[in-house]
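Work through the exercises below with the sequence and the structure at hand. Each task is followed by a solution in steps.

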Amino acid sequence: MNVDEAVMVAGLARALTRRCYEQAMRDEPASAIRPELLRAAKWRAARYGLDATLVDVHGQRSQPAHEVIGDWLDFLRPSLEDNGDWTEVAGLVHQTTQRGTGAARQRDAFRRGRRLGDVVDLIVAETGAT
Amino acid sequence: MGAPERSRARDFSLGVEEEYQIVDPQTFALTQRAEPVLSNAEISAGGIHPELNLSQVEISTAVCSTLAEVRAELARSRKELRAAAEAAGVLIAAAGTHPFSHWSEQTVTPTTRYLAMERDYAQLVREHIVFGFHVHVGIADAEVALQTMERSAVWLPFLIALAANSPYWVGLDTGFASYRTDMCDRWPTGGLPESFGSRDDYERLVKSLIATGSIKDEAEIYWDVRPSARWDTLEFRVTDVCSSIDEAVMVTGLIRASAQICHDQALSDAPSDLPRPELARAAKWRAARFGINDTLIDLQETAAGPAPEVIENHLGRLRPYLEANDDWDEVADLVRATLRRGTGADRQRRVFKRTGRLEDVVEAIVRETNGTG
């Protein structure tokens, strides 16, 4: 993961915490989503990343990953704005959906030369880039 | 716990499935020979089926009402399968994992369903070279079956520990007594069953898992205990396949009595004092990690104790049901024999300690499977 992505994930985690915190402070009931469905959604995200569909647990349906990510970003937008992170984080999410995740970039590197050593080189280069 | 009046043995029919390894008689490695074994097999009752991999077959018994019938069915199935295996030039071995054959050398059985699973589940399917033991317990009322299921979680660590039979993986000691348990927990619909207020809640969940593309149908729910999609049964799928028929009979008897006690608690509307899922999961993991060689968590007491003690306490709670089923003497003896002799995992490790060869471990498993150990 490059530093941009690390910043993106940190910003999203803080915004998510803030959003949930505010819901809790307002005594909004937590949405009753079956744990089996959450687990399936988590597994799908781990299996496919942004390459296929993701589970929209609220809508109880499967949607192209970029649409689910877009909906989620809308949900977090007020918190990201309150944190002063919106422009940066939204830009980084957009960049990730365009360039692909770390997993996608690793696979691209492998596809070019069929060498896993190239994949490690890529990871090292991205880790060192600031 | 009062006398078990509601749960009479005839209400709790049994059907058992065992998954076996197909092993090369020279190298003792897994071999992709399911097809010739299946075509040679003439299993008289129940059936024999292909499984996920070509190094694996599954038998199922006919519906039984007594442990004696289960024992006879398993003995006959194993004998008939052994004949089919011999004709195909291979051996049959019953253990939760193969001690050394690598998952990357196995081949998925080329049926439409299994190929689709390989595409969808990817690495999970490739590594899933494991062999389980499934017991169907007849419960006609679908609502009661679900309430029985949610109460069954407290019994699973005890069952996993006694049946533990998968210590080795790709040639290494995993440190686990039942490494297969850990592998099964990786599946998106695996693990402990959750609670349901009603059958409608369960059906709504199945619908939403299908609507979200999480599963194709109900058969892709792989919980440790699940309502069968095909029969009026609750299916316990949490234990490793046991090498010996004695152990298979023991586990079957314990599963039936556990199902009966949970069933009666559900019917009497006893408050369901279910453990937190996190604690149930930790207890299950401990049982898979250590088998009977360390402490086990007693989920009814919310305490950990030495495994033999915790196992005796569980056995004591099941005693009225085992007695009502006429299973007490046999099952209690078999549990105590397991505590003395060790689980399948312990016996596998003893062979390896003696000879330092995992091939010898496989040979010992084959002998126990054939009843010549």
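Axes are lines fitted to C-alpha atoms, for helices over the stretch in contact, and angles run from 0 to 180 degrees between N-to-C directions. This is a predicted model, in which local features need pLDDT of at least 70 and side-chain atom pairs count only at pLDDT 80 or more, while totals for chains, interfaces and linings use all residues. Residues are numbered from 1 along each chain as its sequence is written, and chains are lettered from A and ligands numbered from 1 in the order in which they are written.

**Exercise 1.** State how many helices and strands chain A has, and in which order the elements run.

Solution. Helices (H or I, at least four residues) and strands (E, at least two) are DSSP runs, numbered from the N terminus. Chain A has six helices and two strands. Starting at the N terminus, their order is α-α-β-β-α-α-α-α.

**Exercise 2.** Describe how α1(A) and α3(A) pack.

Solution. Step one: helix α1 covers residues 3-25 and helix α3 residues 65-82 of chain A; their axes lie 8 Å apart at an angle of about 105°. Step two: angles of 65 to 115 degrees count as roughly perpendicular, under 35 as roughly parallel, over 145 as roughly antiparallel and the rest as oblique. α1(A) and α3(A) are therefore roughly perpendicular to each other. Step three: two residues are in contact if their C-beta atoms, placed from the backbone, lie within 7 Å. Among the residues making this contact are A:Leu12 and A:Ala15 of α1(A) and A:Phe75 and A:Leu76 of α3(A).

**Exercise 3.** Classify the angle between α1(A) and α4(A).

Solution. Step one: the axes of α1(A) and helix α4 (residues 86-99) of chain A come within 9 Å and cross at roughly 125°. Step two: α1(A) and α4(A) are therefore oblique to each other. Step three: the contact includes A:Met8 and A:Leu12 of α1(A), along with A:Val89 and A:Leu92 of α4(A).

**Exercise 4.** Is A:Phe110 buried, partly exposed or exposed?

Solution. Step one: A:Phe110 belongs to helix α5 (residues 102-113) of chain A. Step two: a residue is buried if 20 or more other C-beta atoms lie within 10 Å of its own, exposed if 12 or fewer, and partly exposed in between, with C-beta atoms placed from the backbone. A:Phe110 is partly exposed, because 15 other C-beta atoms lie within 10 Å. Step three: apart from neighbours within four places in sequence, A:Phe110 is in contact with A:Leu116, A:Asp118 and A:Val119.
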